[in-house]
Amino acid sequence: MLHIDTRALDASLEVLRKAQHEADVARVLQRVVGSVRRLFGHDGAGIMLIDDKEQLLYVAASDEVGRSLEEAQAHADQGPCYDTYVEGRPVSTKDVRSDPRWPQLVDVLDERVRAVAGVPLLLGGSPVGTLNVYRSQPYGWDDSDIAALHAYAGLIGELMAAALSSHEHSTTASQLQYALDYRVVIERAIGYLMATHRLDAVSAFNLLRKQARDSRRRVADLAAEILSDGAA
């Protein structure tokens, strides 16, 4: 039996679409994560967006534990949300505390976070952030869970596009504009590093960010230089 009632999902999305014209995009995103939490029956939900340092930062969370999950991943530079963003695909784990993919995350993770699932948020066809949910007990995600997350992610994409087209002046809108302007260049640089250094996508992403930090430069500027040097 599927976890998510499709009729309840459609009704929730319709209510949110009717209220999406509010001027403050951050406030609308906060409303979305609250709806996600209520529909799923999960313990929390959150939205992370990339900044000009290619750091995933939370912009909305349904509760303090959900916010701590996002902050822990930013601190550890790894986690299911990072993989979701870099690889541009859904990533989930039945129990993050026993999952060998993110060993450094467990040390800084709130003990109330166990199962985690995320899907990418797309703007202009490229990932600009993630929508994530968590549970306080191990949980086997099914296709209806991921499909529902994708549906909400699609709505969030509409909200983000509307915020940019209205020329909203806010921190959130600035993050979105940066991601829209430079994501393709950064994706190409990650692909170049993967090919030349035989790295997976997440390792190449982390290498690019580290080199940018060490040289005190924006990731987008370094990515453009890497591609230029590679072409030469």
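Because the model is predicted, local features need pLDDT of at least 70, side-chain atom pairs count only at pLDDT 80 or more, and totals for chains, interfaces and linings use all residues. Residues are numbered from 1 along each chain as its sequence is written, and side-chain values use heavy atoms, with hydrogens and water left out.

Five strands form an open sheet in the order 2-1-5-4-3, with antiparallel pairing. Strands here are DSSP runs (E, at least two residues), and helices are DSSP runs too (H or I, at least four residues); both are numbered from the N terminus. Two strands pair if DSSP finds at least two bridges between them. Strands of a sheet pair through backbone hydrogen bonds, either parallel or antiparallel.

Strand 2 (56-61) and strand 3 (91-93) stand at the edges. Each has a single partner strand, so one side of each is left without a neighbour in the sheet. From one strand to the next, the twist averages 25°. Strand 4 (residues 115-123) and strand 5 (residues 126-135) pair over nine bridges, in the antiparallel sense. Pro120 has Thr130, in strand 5, as its bridge partner.

Helix 6 (residues 143-165) lies across strand 1 (44-50), strand 4 and strand 5, at about 35° to strand 4. Helix 7 (residues 171-197) lies across strand 1, strand 2, strand 4 and strand 5, and runs at about 115° to strand 5. Contact means heavy atoms within 4.5 Å. Axes are lines fitted to C-alpha atoms, for helices over the stretch in contact, and angles run from 0 to 180 degrees between N-to-C directions.

Next come the salt bridges (a side-chain nitrogen of Lys or Arg within 4 Å of a carboxyl oxygen of Asp or Glu). The structure holds 14. One of them joins Arg67 and Glu64, at 2.6 Å from N to O. These two are three residues apart in helix 3 (residues 64-76), so about one helical turn separates them. Arg67 is buried at 18% relative accessibility, whereas Glu64 is exposed at 58%. Buried means under 20% relative accessible area, exposed over 50%, and partly exposed in between (1.4 Å probe, protein chains only).

Arg213 and Asp77 form another salt bridge, with the closest N and O atoms 4.0 Å apart. Arg213 lies in helix 8 (residues 201-214) and Asp77 in the loop between helix 3 and helix 4 (80-87), so the pair ties together parts that are 136 residues apart in sequence. Arg213 is partly exposed at 46%, and Asp77 is partly exposed at 22%.
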